[in-house]
Amino acid sequence: MDTTTDIHQQTDSPAPGAGAGRAERGAIRPGDRIFLGLSRGSGILVLIVMAAIAAFLTYRSVLALSENEANFLTGFEWDPSGSPPRFGIAVLAFGTVVSSVIAMAIAVPVAVGIALFITHYAPRKLGGTLAYVIDLLAAVPSIVYGLWGALALVPHLNGLYGWLDDYFGWTGVLEWNGGPARSLFTVGILLAIMILPIITNVSREVFRQVPRTHEEAALALGATRWEVIRMAVLPFGRSGVISASMLGLGRALGETMAVAMVLSPVFDIRASLLEPGGGTFAQNIASKFNEATVMGQDALIASGLVLFVITLLVNGAARLIIARRKEYSGANA
């Protein structure tokens, strides 16, 4: 009986050093603790900065809106220095959204096509050279794009505008009366060129992460190269392409100098996208802030708050799209 008890006691007792090993595994090293604190502090700092920006914009916007005698959301005039002040953002919202939509419609298909060509069609040397050129385009300052757009792009768009008027002028949206090509359509083309490198680079890296087993399985089943891209590459990279597009859209919504140098600012909404005129939030703020009175600055800040909200909504919508399509992307395979 005593022997059995001793055996049980020896079996139940922990091995020497086992408790110390568990204690070491459970303890947090000083370096890990410091890194955890820095990471957590960085995340909290971002939230604080965002909240501070939102609070500042809201405070100054309330000061302006309390004195405004026009409808801020639907007004077509901008005279915050008048007596009484009257200003609205209908023209700015229309110009910002329309130019960004034109830019995305042009840039996204081209960027995805370039990314697919570099990763799946081009020889290694040609793909590397093309990727390097795209990277250089991403590093060009916006003021350079603006100078190029004003001096080279605008004078050479008359042929395109004339062709659009001949074949699609009956719609009224693409009607052209021979004026200078300083319209929202030109702004959309310029913005498409500017955001093309961002979307291309991110999409290219996403397509390179497609598991080789997915592509090899499709090829083993007899799929062509295009079918491999359609069935394996694009479904896997859909979320990444959406994220890349949202990055490009963020730049298109907030672009300032290039738009200011190309667009002919007329505070009016034209039925045709080829007619000079219109405006965007960023262009209006950049062109009028230095000469604005205190009331005018508050009005411009109020328009900036609207742009801030639009940007948040766009990014939120992108996150919802990515979350809904994540199960189909192949990322979990």
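Glutamate 215 is buried, with a relative accessible area of 8%. Its salt-bridge partner is arginine 212, and the closest N and O atoms lie 3.4 Å apart. Arginine 212 is exposed, at 52%. The model is predicted. It holds 13 helices and two strands. A search of the whole structure finds eight salt bridges and seven aromatic pairs.

**Overall make-up**

- The protein has 333 residues, and buried residues make up 39% of them.
- Its accessible surface comes to about 18,700 Å². Carbon and sulfur atoms account for 65% of that surface.
- Among contacts with a separation of 6 or more, 74% are between residues 24 or more positions apart.

- Glutamate 215 and arginine 212 both sit in helix α9, which covers residues 212-220.
- They are three residues apart, about one turn of the helix.

**Salt-bridge network**

- Arginine 204 bridges to aspartate 135, with the closest N and O atoms 4.0 Å apart.
- That pair links distant parts of the chain. Arginine 204 is in helix α8 (residues 184-208), aspartate 135 is in helix α5 (residues 124-138), and 69 residues separate them.
- Arginine 204 is buried, at 6% relative accessibility. Aspartate 135 is partly exposed, at 34%.
- Glutamate 205 bridges to arginine 208, with 3.6 Å between the closest N and O atoms.
- Glutamate 205 and arginine 208 are separated by about one helical turn, because they lie three residues apart in helix α8.
- Both of these residues are partly exposed: glutamate 205 has a relative accessibility of 36%, and arginine 208 has 47%.

**Aromatic pairs**

- Tyrosine 161 and phenylalanine 185 have ring centres 6.0 Å apart. Their planes stand at 70°, so the pair is edge-to-face; the cut-off for that class is over 60 degrees.
- This pair also links distant parts of the chain. Tyrosine 161 belongs to helix α7 (residues 158-168) and phenylalanine 185 to helix α8, 24 residues apart.
- Tyrosine 161 and phenylalanine 185 are both buried.
- Tryptophan 163 and tyrosine 167 form a tilted pair, at 5.3 Å centre to centre and 45° between the planes.
- Tryptophan 163 and tyrosine 167 both lie in helix α7. They are four residues apart, about one turn of the helix.
- Tryptophan 163 is partly exposed, at 44% relative accessible area. Tyrosine 167 counts as exposed, at 52%.

**Aromatic cluster**

- Phe72, Trp78, Phe87 and Phe267 come together in one aromatic cluster.

**Helix α8 in both kinds of pairing**

- Helix α8 carries arginine 204, which pairs with aspartate 135 of helix α5.
- Helix α8 also carries phenylalanine 185, which pairs with tyrosine 161 of helix α7.
- Within helix α8 lie glutamate 205 and arginine 208, the two ends of a further salt bridge.

Terms used
Residues are numbered from 1 along each chain as its sequence is written. This is a predicted model: local features need pLDDT of at least 70, side-chain atom pairs count only at pLDDT 80 or more; totals for chains, interfaces and linings use all residues. Side-chain values use heavy atoms; hydrogens and water are left out. A salt bridge is a side-chain nitrogen of Lys or Arg within 4 Å of a carboxyl oxygen of Asp or Glu. Buried means under 20% relative accessible area, exposed over 50%, partly exposed in between (1.4 Å probe, protein chains only). Rings of Phe, Tyr and Trp (its six-membered ring) pair if their centres lie within 6.5 Å; planes under 30 degrees apart count as stacked, over 60 as edge-to-face and the rest as tilted. Contact means heavy atoms within 4.5 Å. Accessible areas come from the Shrake-Rupley method with a 1.4 Å probe; for residues, only the protein chains shown count as cover.
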